Amino acid sequence: MNIEELEQIAESVRAENAKFDYEINVCMGTGCLSQHSDKLKDELVKEAEKQGKNAFIRRTGCMGLCAAGPLVLVDPEEILYQHVKASDAAAVAASLGAEPVAALQCDLREHFDQQVHVVLENSGHIDPERIDDYIAHDGYQALVKALTEMEPNDVIKQITESGLRGRGGGGYPTGLKWGTVAKAGGDLKYVICNGDEGDPGAFMDRSVLESDPQRVLEGMAIAAYAVGASKGYVYVRAEYPLAVARLTNCLRDARRRGLLGNNICNTPFNFDVEIRLGAGAFVCGEETALIASIEGKRGTPKPRPPYPAVSGLWGKPTLINNVETFANIAPIIRKGGKWFASVGTEKSKGTKVFAITGKITNTGLVEVPMGMTLRQIIEGIGGGVPDGHKFKAVQTGGPSGGCIPDEHLDLQVSYESLIQAGSMMGSGGMIVMDDTSCMVNVARFFVEFCMTESCGKCIPCRAGTAQMFTLLSRICAGTGTMDDLDLLVDLCGTIKETSLCGLGMTAPNPVLSTLRYFKNEYIDHIVHKRCPAGVCNIEAPVEVLA
Amino acid sequence: MSVAVDVKTLVIDGQNVSARAGQTILEVARENKIDIPTLCHLDGLGDVGACRLCLVEIKGTNKLLPACVATVEEGMEVETATDRLKKHRKTILELLFAERNHICSVCVANGHCELQALGQQQGLTHVRLPYRNPELTVDASHERFTLDHNRCILCTRCVRVCAEIEGAHVWDVMGRGINSSVITDLNDPWGSSSCTRCGKCVQVCPTGALFDKSKVGSDHPKYPDFLPWLNLMREAQ
Amino acid sequence: MSKLKLATVWLDGCSGCHMSFLDMDERLIELAALVDVVYSPIVDTKEFPDEVDIALVEGAVASVDDEKKIKKIRAHAKLLIAMGDCAVAGNVPSMRNPIGPEAILERAYIENADVQQQIPCVVVPKLLRVVRPIHEFVKVDVFLPGCPPSADTFHAALTALITGEPLDIPALTRFGA
């Protein structure tokens, strides 16, 4: 495979597409599929044929606006339809070359125009199960360019220059990580893609894997070339069957096209990838636990150092990046590190994909440049809080993150600013809460999540999260005391500082951040025995045996 | 002629000490009679860094490091007993005492228990946290030994000694988080498991979770110090 | 100087702490020179006095009656000492917590009773769902763990508390001692 051959494939795909007057893209991500967009697609094919329309009906990945699904995009007019049912297929087909179906039309310019799509550039535009579609959208050009025109060091230099930071949550500079693995000795190294996305309300990685899996694979191959690895693993949750199926297809196609395997692009570079399924343990998103899981052991973390970059999978130097990080690699190599660095803030470059859920009008997936304010994301792109309720807080960073209140909505999103506000970037989940949410109960929910997901290896996380949960439950039930609150804060400090891995270290964050901004709600529960949001059921405690 | 040794010099609690490269902070501290409390660590077994009692402060970083696995570096300045560390250690012990049913007065290990001794050593006079009092079982199916989950602190010494030293790997951990527990084989009764009856797990258990049926009351001292010797003799062969 | 008023209380415990207290033997005479025992299972006072300087409490809080008592004691004692493991940590009485009070009552009054199988419901106080140490109900000033704390521990601790000298409890005693 070389650039010319890629061009040929792209050309033939374009020529094939040009035969049609219209393209109807049907979203077949998990969200829309759950509303039977597969049946819709079948109907559209039938209707187009019946009505004699020269239209190509394409299965695509996620279009982002999951709340309005199933979504259908008609090209070349770029008309977006929402809530399309199989029974609407006739009307949609009839509208080709005529007036759009007004009742289904989704006009959310504001939602889409403010976004910048890098990771999601192909999502909703290509068929995720056709490698040629990806190639027609500049796919694999970056890999061929890296292999044929660049030294491994140049690749790392570009990534360093781009300022890309780990999208899994930690924000560690990607170039630096690659450099460390590249420098590590030994002829056997591994590249692992972390697709064990487990934060409640987060589905960025799932969506990327479902919508554009080749892009992730290309990123991994480039990384393998840069660090000198020959074997890769995609660790993905078994709860993502569609992502797994598409990845499996994608691997098969890439091998057939000679983009995986031995002597890729007639160079000495060999690289192949295996899929490993996670059994749904949140802690396996932690890199050392993930490695243990791939090795077939119990998924528990290990103290670092040694870092995986030095001693990882089976003791070999291992590069672990998140799905979204790998999805950013190809465009950086294609367009240059400088281009990427021109987007975003001083220390946080590029774009970030967020999954916006909760009390928000436009539930779904968005990609915005770093530095955009939370207000723009929530009120602009997200369409604000529905049903006339008042915004109260947004939880970012999943269970490890924190709640950010109204007064900080003008915060520019970056790794640093979110930490300063007592939360974190995390993998990109954003849960919006309105005045019907009790913040003590929210903290309790996230602590319960950490408690059940703790692996149980280290004491502060195993027993500490359980104690936090007990104390928060007391407060929610109206039986807590101010001493309990002091004890809770004290406990948070120990869990944060002494836990073995990130799960435990960040488990107190939801408590600490809600205490920072919503202490009055805690006091209401403890002193006044009332829940301002009316969520907690405060009754006289039943202590006595009847 | 002497063999060249890579020597590191560092400071522990204000004391200048020297160490061989690759040694852990814990090893070096103990060689120099500086006591760092430990619970999951046992000389002769691989370290897991799980109990967090041996965390120490290193000058220049805010992160606390487990002395049992952190290796020495040239010029390192280590503090092993700051107020911050003492507070954390006490809280961790409180977490352990409140996690399961540690009723010292009626425990077979009373007076020979590492958890109990550490509690006293770290100045613990009461537990501020609510006791969880979970309902746990006792496995007395083994002919010679008993497993009492009420006293288990999940240090995994039994798991490690069985896998690393005895080579049987009868013990392992089941479940997650607060619901974790040690099991024999695939959660079979100990008595009908593939146990080799060597009894090493009982000797290394720091509490009364594993004990010998032939002993009565709390007359149950344990002797885990055979391990380093065993390893030494094996290396010599 | 007037003598300090000392009270000792027996909640859900085995009275072993009181026995150990009495094991101070001749040192009790020294102690009597410094304190007046105003309330105790071994003193015939029915009501807890309004003003007590030192209250030594043995036993965990296991019934509504215990809860009422410990709150009253706290309100009227300047210095509250949790005496022994039951008061400090729940200890043996708390061993019923995992299975609940019904199971215990059933076992004691039905299964193990040969005649008159019934769970007592008058005169005796109602049991709490879980037995808890006293510091979960009221503020405790000094914790003396041990099952029971030794006579020497009592002597050293009380002497230090009365004279105001420094007191290092972990050097004297521990859980289960």
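Trainee: In this predicted model, where is A:W314 found?

Mentor: A:W314 is found in the loop that joins helix 13 to strand 8 of chain A. Its phi is positive, about 45°, although the residue is not a glycine.

Trainee: Which peptide bond involving A:R304 is cis?

Mentor: The bond from A:R304 to A:P305 is cis, and its omega is near -5°. A:P305 belongs to the loop between helix 13 (287-294) and strand 8 (318-322) of chain A. The peptide bond that leads from A:P305 to A:P306 is also cis, with omega near 0°. A:P306 likewise lies between helix 13 and strand 8 of chain A, in the loop.

Trainee: What is the phi of A:N263, and where is A:N263 found?

Mentor: A:N263 is not a glycine, yet its phi is positive, at about 50°. This residue sits in the loop between helix 12 (241-256) and strand 7 (272-278) of chain A. A:N263 counts as exposed because it has 10 C-beta neighbours inside 10 Å.

Trainee: Turning to chain C, how should I read a sheet, and in what order do its strands stand?

Mentor: In general, the strands of a sheet pair through backbone hydrogen bonds, in either a parallel or an antiparallel sense. In chain C, 5 strands form an open sheet in the order 2-1-3-5-7, with parallel pairing. Strand 2 (35-39) and strand 7 (142-144) of chain C are at the edges; each has a single partner strand, so one side of each is left without a neighbour in the sheet. From one strand to the next, the twist averages 25°.

Trainee: How many bridges join strand 5 and strand 7 of chain C?

Mentor: Strand 5 (residues 77-83) of chain C pairs with strand 7 of chain C over 3 bridges, in the parallel sense. As for individual residues, C:I81 has C:V142, in strand 7 of chain C, as its bridge partner.

Trainee: Which strands does helix 6 of chain C lie across?

Mentor: Helix 6 (residues 151-163) of chain C lies across strand 1 (4-10), strand 3 (52-58), strand 5 and strand 7 of chain C. For its direction, the angle is taken between N-to-C directions and runs from 0 to 180 degrees. Helix 6 runs at about 165° to strand 7 of chain C.

Technical notes:
Residues numbered from 1 in each chain as written. Chains lettered and ligands numbered in written order. Predicted model: local features only at pLDDT ≥ 70, side-chain atom pairs only at ≥ 80, totals over all residues. Pairing = 2+ DSSP bridges. Helix = DSSP H or I, 4+ residues; strand = E, 2+ residues; numbered from the N terminus. Contact = placed C-beta atoms within 7 Å. Buried ≥ 20, exposed ≤ 12 C-beta atoms within 10 Å, placed from the backbone.
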